[in-house]
Amino acid sequence: MKIGVLTGGGDCPGLNAVIRSVVRKGVQEYGFEFVGLRDGWLGALRGTVMPLDIAAVRGILPRGGTILGSSRTNPLKHEDGLRRVQDTLAANGVDALIVIGGEDTLGAATELNRQGVRLVGVPKTIDNDVAGTDYTFGFDTAVGIATEAIDRLHTTAESHMRTLVVEVMGRHSGWIALHAGIAGGANAILVPERPFDVDQVCAWVKNRFKIHYAPIVVAAEGAVPKEGQMILKDRSLDEYGHVRLSGIGEWLAQEIEGRTGTEARTTVLGHVQRGGTPSAFDRWLATRFGLHAVDAVRDGAFGTMVALRGTDIVRVPLDDTRGRIKVVDPSLYDEFEVFFG
Ligand code: F6P
């Protein structure tokens with residue numbers, strides 16, 4: 001059997017660990033052959049492939065990014081998308097695909113599978129918002145990076161007695177903001193799931209100054225004020241209809257300065273959260289996902305995605321996750337309110 005592997009959407013630490021694990025088990029245990037499709041679904045449309053054997057995956061376990069490249073290409077938005085994908089698979093003798101992606105890439109995979117493409121999905125994203133799995137790899141690394149940044153910001157905030165707003169990634173979900181904010185001892189955490197009251201944030205800030213501590217406010221990029229709109233970087237849409245976010249941190253710092261008369265600055269962590277070597281946990285999870293994805297292909301379990309449930313890896317029908325996002329539960333967020341202000 002010959003398997004094509006692709007990585008789509010925003011990259012995240014651990015993608016290479018999946019690729020390595022898939023190839024190692026597939027070649028060594030089952031005698032499968034592999035080919036890499038370059039740059040996500042773009043390679044499937046264009047027919048750009050690369051060899052993927054044991055030699056190609058040697059040494060990539062701790063490397064961030066993806067040796068296959070990635071893109072936000074949506075094959076279904078291109079003319080003859082399905083036929084072009086099928087042509088690429090046929091031209092390279094590919095029997096099945098392993099698709100490593102987030103909600104968008106796996107959404108396209110779900111549709112292509114419905115139309116006859118044999119594939120198995122592997123969930124990834126630093127945002128941890130793919131429905132059907134307890135965790136995605138990449139998230140733990142991103143939380144570690146954001147937590148370290150918050151730790152560092154505490155000391156400089158205290159030296160200058162000013163508010164520091166930290167903007168982290170999280171388009172639809174506040175997982176990174178919540179985990180890093182709690183781990184880093186933030187004084188306010190703002191998530192997309194819970195529109196925030198600017199007056200309340202300013203009250204928390206003032207309260208913090210009163211007891212001679214400098215406030216740290218962690219905001220997910222998709223956080224929105226109760227009265228207002230999501231702040232966009234620009235209005236251009238990607239092929240999945242997403243706008244570019246970022247700006248909430250800067251906006252909030254200005255509001256805090258204006259409303260409290262105290263100094264505030266913003267740090268936007270951006271792609272630093274996605275780059276570099278994966279944490280041990282992400283390497284472990286990515287490796288297990290890879291091993292189970294190859295098993296799913298061997299078993300002909302097409303149209304499924306491997307997922308983490310507790311400590312088990314299970315198979316979830318891709319259809320069940322379609323159009324769903326895993327968001328922060330309000331009761332989980334409420335658990336931490338005692339730390340705000
Ligand atoms: O895909 C997850 C994500 O990290 C989002 O949180 C963020 O909005 C987006 O990627 C930004 O990605 P890019 O700059 O690559 O478009």
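Me: By class, how many nonpolar, polar and charged residues does the lining of the largest pocket have?
Reply: This is a predicted model: local features need pLDDT of at least 70, side-chain atom pairs need 80 or more, and totals for chains, interfaces and linings use all residues. Residues are numbered from 1 along each chain as its sequence is written, and side-chain values use heavy atoms, without hydrogens and water. A pocket is an open set of 1 Å grid points over the protein atoms alone, where a 1.4 Å probe fits with protein on both sides within 12 Å along at least five of seven lines, and lining residues have an atom within 4 Å of a point. With Gly counted as polar and only Asp, Glu, Lys and Arg as charged, the lining of the largest pocket has 7 nonpolar, 13 polar and 14 charged residues.

Me: Which residues lie nearest the centre of the largest pocket?
Reply: There are 34 residues lining the largest pocket. Elements giving two or more residues to this lining (DSSP runs: helices H or I of at least four residues, strands E of at least two) are α5 (103-114), β6 (163-168), β9 (232-237) and β10 (243-245). Nearest the centre of the largest pocket are R72, M169, R171, E221 and R274.

Me: Which element gives the most to the lining of the second largest pocket?
Reply: Of the 18 lining residues there, E103, D104, L106, G107 and G323 are the closest to the centre of the second largest pocket. By class, the lining splits into 8 nonpolar, 5 polar and 5 charged residues. At least two residues each come from α5 and α11 (318-321). With 7 residues, the most comes from α5.

Me: Now to the ligand: how far is a polar side-chain atom of D127 from an oxygen atom of the ligand?
Reply: Around the ligand (a heavy atom within 4 Å) sit R72, I126, D127, M169, G170, R171, E221, H271 and R274. An N or O atom in the side chain of R72 is 2.9 Å from a ligand oxygen atom, and R274 likewise has a side-chain N or O atom 2.9 Å from an oxygen atom of the ligand. For the polar side-chain atom of D127, the distance to a ligand oxygen atom is 2.8 Å.

How values were computed. Polar contact = N/O pair within 3.5 Å; in protein donor to acceptor, adjacent residues only side chain to side chain.
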